[in-house]
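Please keep the sequence and the model in view while reading.

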Amino acid sequence: MSGRFAFNKGLKEVRFLFCQTGEHSAATRSFLLRNYPAMKKDNPATPVLIRDASGTLPKVYARFEFGKEKSQSLEGLSDQQIEETVSSLVKNNS
């Protein structure tokens, strides 16, 4: 895939956690509203899970082959920084 969010072949799942109303999660919500359709279009077979719960700090998880999982906090990041963080996380499973 040549899309902006073309995931690594070993990626099995991407999971976003954030608060549905908290200010600390505003950039994450904005990022997902803009980019979720592109992520799914570029990677139709990879689950992109969105988990929102009151008081949850924004974080993204990437699960790879053999149960390997990496996560990155999104707290305090701008929309552009979140895009860079997610892109780096889903393309690098080492």
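In this predicted model, α1 and α2 pack at an angle of about 65 degrees, and their axes lie 9 Å apart. Angles of 65 to 115 degrees count as roughly perpendicular, and α1 and α2 are therefore described as roughly perpendicular to each other.

**Helix packing**
- On the α1 side, the contact is made by A27, T28, S30, F31, R34 and N35.
- On the α2 side, the contributing residues are D79, I82, E83 and V86.
- The crossing in which α1 passes α2 is right-handed.

- In soluble globular proteins, nonpolar side chains tend to be buried together.
- The largest nonpolar core here has 18 residues, of which F7, F16, F31 and V86 touch the most other members.
- Two or more residues of this core come from each of β1, α1, β3 (59-64) and α2 (79-91).
- V86 touches F5, F16, F31 and V60, leaving aside residues up to four places away in sequence.
- F31 and V86 also take part in the contact between α1 and α2.

**Residue S25**
- S25 is located in the loop between β1 (11-18) and α1 (26-42).
- Because its relative accessible area is 0%, and buried means under 20%, S25 is classed as buried.
- The side chain of S25 reaches the backbone nitrogen of C19 at 3.0 Å.
- Leaving aside residues up to four places away in sequence, S25 touches F18, C19, T56 and P58.

Notes. Residues numbered from 1 in each chain as written. Predicted model: local features only at pLDDT ≥ 70, side-chain atom pairs only at ≥ 80, totals over all residues. Heavy atoms only, no water. Helix = DSSP H or I, 4+ residues; strand = E, 2+ residues; numbered from the N terminus. Buried < 20%, exposed > 50% of the residue type's maximum accessible area, 1.4 Å probe, protein only. Polar contact = N/O pair within 3.5 Å; in protein donor to acceptor, adjacent residues only side chain to side chain. Contact = heavy atoms within 4.5 Å. Core = buried A, V, L, I, M, F, W, Y, C linked by side-chain atoms within 4.5 Å. Axes fitted to C-alpha atoms, helices over the stretch in contact; angles between N-to-C directions. Parallel < 35°, antiparallel > 145°, perpendicular 65-115°, else oblique. Left-handed = near helix turned anticlockwise from the far one by under 90°.
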